[in-house]
Amino acid sequence: MADSEKQGCTLTVCRDCCCGSLTKHPGVDHAAQIERLREALPAGHRVRTSLCLDVCAQSNVLVVHPAPEARRRGARPVWFGLVLDDTVLGDIVDWVRDGGPGRAALPDILELSVIPAPRPGRPEKL
Ligand code: FES
């Protein structure tokens, strides 16, 4: 397997004014979400945080970017909103472990959490 095929997805986890806010979401352990993602995803995948992604009404927002090889084949980032509980986070982890955008079909249950990117082209700038 070529090195480029071993590269996994990049997850951008918004953490700013609303995403990650205990004031807005007091029942959510936001730090634990990041830790869970980093622990659950095998090497090759990457988890990073970002400043506000301009869709605060959907906080917590998480974007899954395709692996480079899938991206070259046309896969695009998938945006998720209201990522506030362990169940949806676990479903996202399972999908990324299966390959994520362009490599694994998005489970029906996760379709419910998909949100549109705020502006055309925005994911390219993350
Ligand atoms: S803080 Fe996450 S979209 Fe604004």
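**View 1. The whole chain.** The protein has five helices and five strands (DSSP runs numbered from the N terminus: helices are H or I of at least four residues, strands are E of at least two). This is a predicted model, in which local features need pLDDT of at least 70 and side-chain atom pairs count only at pLDDT 80 or more, while totals for chains, interfaces and linings use all residues. Residues are numbered from 1 along each chain as its sequence is written. Starting at the N terminus, the elements follow the order α-β-α-β-β-α-β-α-α-β. The radius of gyration is 14 Å, close to the 14 Å that the globule rule gives for 126 residues, so the protein is as compact as a globular protein of that length (the radius is taken over C-alpha atoms, and the rule is 2.2 Å times the number of residues to the power 0.38). Along the principal axes, the C-alpha atoms fill a box of roughly 45 × 30 × 25 Å.

**View 2. The open sheet.** Five strands line up as β2-β1-β3-β4-β5 in an open sheet with mixed pairing (two strands pair if DSSP finds at least two bridges between them). At the edges stand β2 and β5 (114-115), each with a single partner strand, so one side of each has no neighbour in the sheet. Strands β1 (residues 10-14) and β2 (residues 46-50) are joined in the parallel sense by five bridges. Here you can find valine 13 opposite threonine 49 in β2, and cysteine 14 with serine 50 as its bridge partner.

**View 3. The β-α-β unit.** A right-handed β-α-β unit is made by β1, helix α2 (residues 30-40) and β2 (right-handed means that, with the strands pointing away from the viewer, the path from the first strand over the helix to the second runs clockwise). Helix α2 lies across β1 and β2, and runs at about 160° to β2 (axes are lines fitted to C-alpha atoms, for helices over the stretch in contact, and angles run from 0 to 180 degrees between N-to-C directions).

**View 4. The largest nonpolar core.** Which residues touch the most other members of this 21-residue core? They are Leu11, Val61, Leu62, Val64 and Phe80 (a nonpolar core is a set of buried Ala, Val, Leu, Ile, Met, Phe, Trp, Tyr and Cys residues joined through C-beta atoms within 7 Å). At least two residues of the core come from each of β1, β3 (62-65), β4 (78-80) and α4 (86-98). Beyond its neighbours within four places in sequence, valine 61 is in contact with residues including Cys14, Leu53, Trp79 and Phe80 (contact means C-beta atoms, placed from the backbone, within 7 Å).

**View 5. Around glycine 8.** Glycine 8 sits in the loop between α1 (3-6) and β1. With 23 C-beta neighbours inside 10 Å, glycine 8 counts as buried (20 or more other C-beta atoms within 10 Å of its own is buried, 12 or fewer is exposed, and in between is partly exposed; C-beta atoms are placed from the backbone). Not counting residues up to four places away in sequence, glycine 8 touches Gly44, His45 and Ala67. Alanine 70 is 62 residues from glycine 8 in sequence, and their C-alpha atoms are 9.2 Å apart.

**View 6. Backbone details in two loops.** The loop between β2 and β3 holds asparagine 60, which a cis peptide bond with omega of about -5° joins to serine 59. Aspartate 54 is found in the loop between β2 and β3, and its phi is positive, near 70°. In the loop between β4 and α4 lies leucine 82, which has a positive phi of about 55° although it is not a glycine.

Key. Contact = placed C-beta atoms within 7 Å.
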